[in-house]
Amino acid sequence: MLHYAFHRTIQAIVAIFGVLTIVFVIMHLSGDPTLLLVPQDASAEMIDELRRQLGFDRPIGVQYLEYLKGLARLDFGISVVQRVPALDIVLSRLPYTIELAAGALLVAVGVGIPAGIIMATMRGSTIDRVLTAIVVTGQSVPTFLSAILLIFVFGVTLRWLPTSGAGDLSALIMPSIALGALSMSTFARMTRISIIDELGKDYVRAGRARGLSMAQVVGRHVLRNASIPVITIAALEIGNLLAGAVIIETVFAWPGIGQLAIQSIQSRDFLVVQVIVLLISFVYVLTSVLADLVYVVVDPRIRLVR
Amino acid sequence: MQRRVFLTTAAILTMMTGAAFAQGKERLTIDLPGDAATLDPHLQWNTDSYVIYRNIFDNLVTRNTAGEIVPQIALSWTYLDDTTIEFKIRDDVTFHDGSKLTAEDVAFSINRIIDPNLKSPQLGQFNQISSAEAMDAVTVKVLTKSAYPALMAQLVKLSVVPKAYVEKVGDEEFNVKPMGSGPYKLVEWRKGVETELAAYDGYWRGTPPFPSVLFRAVPDVSTRIADLRTGRADLIREVPPDQATSITGSAGAALLSGATERVGYLYINAEAGPTADVRVRKAIAHAIDRQTLIDALLEGYAAPVNIIGAEPIFGYTPDVQGYDYDPAKAAALIKEAGVEGATVEFLTSPAYNRALVEAIQQMVSEVGLKVEISSSDQATFLKRRQGEASNAGGLAVGAWSCACQDADGIIYPLFRSGSIWAKYSNADYDVLVDAARSTLDSDKRMDLYKQAYEILREDVPGVGLYQVYALYGASSNLKWEPTANEAMFIMDMSWQP
């Protein structure tokens, strides 16, 4: 177990460091924020002066070393656009992203898994066909379209839900559904396939032969065995949801990490982007470790080595 | 007895103000496309920041709805000589903490923004000022490096900040908890979400019209419109022309449009590629059908212009002939220059109207050139457009406003030799715009700009397309007239149920 923890930590550090470096280089090669900050009528000298003041005139290697030096002291720098510590900006947006991810996950798991179970156990029935249609729709309708449709139906026409913003719980409903729809379909499909896979195995027939009902077999044995691939998907989905949803957050004016990321990239706010990248890579590493740990709980045959 | 009368009067007054508020609206909600980047007025210059902080701060001078420069904190000003201006300021203005605004605060504000240590992106707009000094409590002397006619137009953009408070809390804290002398004080700034302001009762121009104002950041235009239609927002900024009908068609909402000083123009590279030949540039100018662009793409929310400049600016002249739409003449010029089928690169970014770019591409292609669109992100676009002429593309559209309503802020940066935007050089032109920049005689300046626009007409380093109309969606109860400089002063708004 210790061995496992050690290896995972090393892997995580290498991965995060690699991502940070790549993003740093790409961002800096594609221009700096100076041109976007100055008024239109600024002269070339003024732009050079501001660039020098902000430190973007130095070679990229020097800037990179400077950045790493800061990181070593857990200093993530100050946003050149907002003039506030980059870490504060990202942390202030984090609760919104977590809230939205939780809402979306609730929709995805709460609808997706039961739907998958029903589809697998009642194959060919009318309810299977209806659910399949819903799953395919959730999977194929682009989010910008479903989001705007939701706003116009439930916000503008019926006036049941607020059209934008983050505040009360009612504002969370539409973005959660819009964002959760895609994951919901993934969960439903994965659950369905895993259960169908398990249903063909010998132990199911043995259970049935001993006189257990189908519901008992599925409830007691199949679900547990079918859950491993679903947990893997869940880990990936949680990572995706926490990485922020650019389109959904933009359409619903939801002030999460996704909206911040796209705005910071557009305004070349390097340090804020770096903090977001750091956070997202950390989330991915963390969720995959968590998934590993959950495997052990679900299936005692699995042992964590290396 | 006297005491009772006083108390009764006070009670009635309280009731009246209370009643006035009750009749009006407790909170005005405004949807902006983005959150303020900074609320320190000396740092950022993007519209969403500006719209919010201009309601928290007062400026030395401002523009009235007619666009004229009028006193705000200043009472009057006199030129002691060409480079020394003395301002007399009001003595009845207080900051939100109740402290008095004095000449010290004004001088501090000017010296702060020109201090390189502040690293203000706006420094370039104020660096013609060498220093400011408080002579007494109500007198400030401002020194410029040379005679500088655009000074007053630039000072319109300078907010007065409280010296004592800024020095006490420091620049970083002041940015997140700004305090000014304007009609509204900051209650809370939930970064990336919304900014809440409350009326400042001690405001020197009287009680602000709404007790509370909320600015929300709503990036998607369909969502801003949905907010307006459901009453979640009372006013929304930046409505693209093709969405205008969804506002005019809904009950309880009105489309407000205002002609601005912003001018849509087409840049034509005069130094590199096939457009280095003036005949080709003239051909392009003749190839464009402005009225069609305005009617088909901007739904009529724009007015054609004859020059790169619109009526609200100083230096605008109706006397310079514009280029008329004449595709036959354009095709003949292309043939004469012997560049039929030559490739011209059209630079653009997502910040510009794609349909407009494609329409112009089509129009120019029809007279015999091959136009290729190169789209990149805004930072890359600016890097190329402002860089070497050989790499700056042949064409690009833009919508220019200096927020100073002066030709100096438009055609000087766009076409003066050595400016980052200029891919053009003409010594005669440079002499004219330089002279107009350093004389204080307005008749002479008008004449110089007219001559400068004549030269631009002959050399065509760019061509004016249209005057931009700013479009807003508003609740039909909101009374407000949009201004040419695209500002949003709550003091100019009112509510009529």
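How far apart do the C-alpha centres of domain 2 of chain B and domain 3 of chain B lie? Good morning, colleagues. Please bear in mind throughout that this is a predicted model.

To answer the opening question, the two centres are 34 Å apart. In the contact between these domains, domain 2 of chain B takes part with 9 residues and domain 3 of chain B with 12 residues. On the domain 2 side, these residues comprise 4 nonpolar, 3 polar and 2 charged ones. As for the bounds, chain B is divided into domain 1, made up of 9-55, 171-259 and 470-495, domain 2, covering 61-167, and domain 3, covering 262-468.

Let us now look at a pair of helices in chain B. Two packed helices are described by the angle between their axes and the distance between those axes. Helix α10 of chain B spans residues 278-287, and helix α12 of chain B spans residues 327-337. Their axes come within 8 Å and cross at roughly 160°. Angles over 145 degrees count as roughly antiparallel, and α10(B) and α12(B) are therefore roughly antiparallel to each other. The crossing of α10(B) with α12(B) is left-handed.

Which residues make this contact? From α10(B) come B:R279, B:V280, B:K282, B:A283, B:H286 and B:A287. From α12(B) come B:P327, B:K329, B:A330, B:L333, B:I334, B:E336 and B:A337. Sorted by class, the residues of this helix contact are 8 nonpolar, 1 polar and 4 charged.

The C-alpha trace of chain A spans about 85 × 60 × 30 Å along its principal axes. Chain A has 306 residues, of which 39% count as buried. Among the contacts in chain A with a separation of 6 or more, 72% are between residues 24 or more positions apart.

Finally, how do the two chains meet? Here 44 residues of chain A are in contact with 42 residues of chain B. On the chain A side, at least two residues each are supplied by α2 (34-37), α3 (44-54), α5 (86-121), α7 (143-157), α11 (246-251) and α12 (257-266). The most comes from α3(A), with 6 residues. By class, the side of chain A that touches chain B holds 25 nonpolar, 14 polar and 5 charged residues.

Thank you for your attention.

Definitions and conventions: Residues are numbered from 1 along each chain as its sequence is written. Chains are lettered from A and ligands numbered from 1 in the order in which they are written. This is a predicted model: local features need pLDDT of at least 70, side-chain atom pairs count only at pLDDT 80 or more; totals for chains, interfaces and linings use all residues. Two residues are in contact if their C-beta atoms, placed from the backbone, lie within 7 Å. Helices (H or I, at least four residues) and strands (E, at least two) are DSSP runs, numbered from the N terminus. Ala, Val, Leu, Ile, Met, Phe, Trp, Tyr, Cys and Pro count as nonpolar, Asp, Glu, Lys and Arg as charged, and the others, Gly among them, as polar. Domain bounds come from an automatic or database domain assignment. Axes are lines fitted to C-alpha atoms, for helices over the stretch in contact, and angles run from 0 to 180 degrees between N-to-C directions. Angles under 35 degrees count as roughly parallel, over 145 as roughly antiparallel, 65 to 115 as roughly perpendicular and the rest as oblique. A crossing is left-handed if the near helix is turned anticlockwise from the far one by less than a right angle, and right-handed if clockwise. A residue is buried if 20 or more other C-beta atoms lie within 10 Å of its own, exposed if 12 or fewer, and partly exposed in between; C-beta atoms are placed from the backbone.
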